[in-house]
Amino acid sequence: QVQLVESGGGLVQAGGSLNLSCAASGRIFSPNTVGWYRQAPGKQRELVAIFTTDSKLTYAESVKGRFTVSRDSAKNTMNLQMTSLKPEDTAVYLCNVLHKEPTGWKSYWGRGTQVTVAS
């Protein structure tokens, strides 16, 4: 079992910045993917950024150049630094771990943290 807890959300003015954190407890098996997603009201959950199984980092086009993800595997933490925020970035931000346990692939989600960008 993996537990994920996100933190750092809040209300910010357009053009501002926020730093989100995701802390994982429990063993994370390899291979795995670890990523940030977001879900706005009435919209489908979408990928923000993800470390793939070969540890490559991929960003959604909508956040490239504005968001930066870092990961500390030793501490099981992952951060999302968001700059130049726009009202359309308003969403619940969630972190996800997808890994291959001995019994098969399992996906885990945190509860998310709300980010609201005021215009």
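Residues are numbered from 1 along each chain as its sequence is written, and side-chain values use heavy atoms, with hydrogens and water left out. Since the model is predicted, local features need pLDDT of at least 70 and side-chain atom pairs count only at pLDDT 80 or more, while totals for chains, interfaces and linings use all residues.

Let's start with the backbone. Serine 30 and proline 31 are joined by a cis peptide bond, with omega at about 0°. Proline 31 sits in the loop between strand 3 (18-25) and strand 4 (32-39); strands here are DSSP runs (E, at least two residues), numbered from the N terminus. Serine 55, with phi of about 65°, belongs to the loop between strand 5 (46-51) and strand 6 (57-59). Its relative accessible area is 53%, so serine 55 is exposed (over 50%; buried means under 20%, and partly exposed is in between, with a 1.4 Å probe and protein chains only). Asparagine 76 has a phi of about 55° and lies in the loop between strand 7 (67-72) and strand 8 (77-82). At 25% relative accessibility, asparagine 76 is partly exposed.

Next comes the inside. In soluble globular proteins, nonpolar side chains tend to be buried together.

Charged side chains pair up too. The structure has six salt bridges, each a side-chain nitrogen of Lys or Arg within 4 Å of a carboxyl oxygen of Asp or Glu. One of them ties aspartate 89 to arginine 66, at 2.7 Å from N to O. This pair links distant parts of the chain, 23 residues apart: aspartate 89 is in the loop between strand 8 and strand 9, and arginine 66 in the loop between strand 6 and strand 7. Aspartate 89 is buried at 0% relative accessibility, and arginine 66 is buried at 11%. Glutamate 101 and lysine 106 make another bridge, with their closest N and O atoms 3.3 Å apart. Through shared partners, salt bridges also join Arg38, Glu46, Arg66 and Asp89 into one network.

Conventions:
Helices (H or I, at least four residues) and strands (E, at least two) are DSSP runs, numbered from the N terminus.
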